Every structure is written in structure tokens, then in C-alpha cells.
Amino acid sequence: MLPVLPVFLVGAVSAPLIKKAIRPVVRGTIKTSVKLAVDVKRAAHEINEDISDIAAEASAEAFAADVRGDADVPRQGAKKPRAGKAVATD
């Protein structure tokens with residue numbers, strides 16, 4: 001039982017010192033991770049807004065072209081002919 005006592009005492013004495021030394025490192029790591037997660041979330045939100053804006057603009061342009069009757073913009077819901085298939089013309 002005698003050899004176990006010095007190891008236990010070294011652990012008991014060094015644990016509070018190690019805790020004080022490691023705590024700021026762990027705290028800094030967690031703080032940086034949280035900040036990074038918030039930044040990524042913000043960037044994803046901005047990208048989502050940009051994509052929504054582009055989709056709204058494209059939809060508005062297609063609707064306006066449909067109302068004007070432009071032939072260069074496909075009508076919404078119209079099927080595109082597939083390549084390699086003959087398209088019947090009347």
C-alpha cells in the first residue's frame with residue numbers, strides 16, 4: 001500500500017494546479033468555437049437571403065415576360081423539348 005500513497009498525493013496536489021492552468025485554455029477554445037459557429041450561421045443566413053432574392057427576381061422576370069407574351073422566356077409550367085427527339089410542328 002505504501003507505493004500508492006505518493007502517487008495519490010502527487011495527483012491530489014497537482015489537480016488544482018492543473019485545473020487552474022487548463023481552465024483558461026478550455027474556456028478560450030469553447031469561446032472561439034461558439035464565435036465560429038455564430039459566424040457560420042450568419043454567413044449561411046446571408047447566403048439564404050441572397051438566393052431567395054435571386055429566385056424572387058427570376059420569378060418576377062418570368063411573370064413579367066409571360067404577361068408581355070415574350071417568346072424568348074419559357075412560360076411557367078411549359079415542358080422543354082428533349083434533345084434528340086423530333087418536335088411536331090403544326
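The conversation below sets values of this predicted model against the definitions behind the terms.

Visitor: Why is Lys-31 called exposed?

Guide: The relative accessibility of Lys-31 is 58%. Exposed means over 50%, so Lys-31 counts as exposed. Lys-31 also belongs to a surface patch of positive charge, together with Lys-19, Arg-23 and Arg-27.

Visitor: Why is Ile-18 called partly exposed?

Guide: Buried means under 20% relative accessible area and exposed means over 50%, with partly exposed in between. Ile-18 has 45% and is therefore partly exposed. Ile-18 is one of the residues of a nonpolar surface patch, whose members together have about 510 Å² of accessible area.

Visitor: What makes the contact of Asp-39 and Lys-35 a salt bridge?

Guide: A side-chain nitrogen of Lys or Arg must lie within 4 Å of a carboxyl oxygen of Asp or Glu. For Asp-39 and Lys-35 the N to O value is 3.3 Å, so by the cut-off of 4 Å the pair is a salt bridge.

Visitor: Which residues are linked with Asp-39 in a network of salt bridges?

Guide: Lys-35 and Arg-42 are linked with Asp-39 in this network. The side chains of Asp-39 and Arg-42 meet at 3.3 Å, N to O. Asp-39 and Arg-42 are three residues apart in helix H1, and therefore about one helical turn separates them.

How values were computed
Residues are numbered from 1 along each chain as its sequence is written. This is a predicted model: local features need pLDDT of at least 70, side-chain atom pairs count only at pLDDT 80 or more; totals for chains, interfaces and linings use all residues. Side-chain values use heavy atoms; hydrogens and water are left out. Patches are made of residues with over 30% relative accessible area and no salt bridge: like charges are joined within 9 Å, nonpolar side chains (Val, Leu, Ile, Met, Phe, Trp, Tyr) within 5 Å. Accessible areas come from the Shrake-Rupley method with a 1.4 Å probe; for residues, only the protein chains shown count as cover. Lys and Arg count as positive and Asp and Glu as negative; His and the chain ends are not counted. The place of a charge is taken as NZ of Lys, CZ of Arg, CG of Asp or CD of Glu. Buried means under 20% relative accessible area, exposed over 50%, partly exposed in between (1.4 Å probe, protein chains only). Helices (H or I, at least four residues) and strands (E, at least two) are DSSP runs, numbered from the N terminus.
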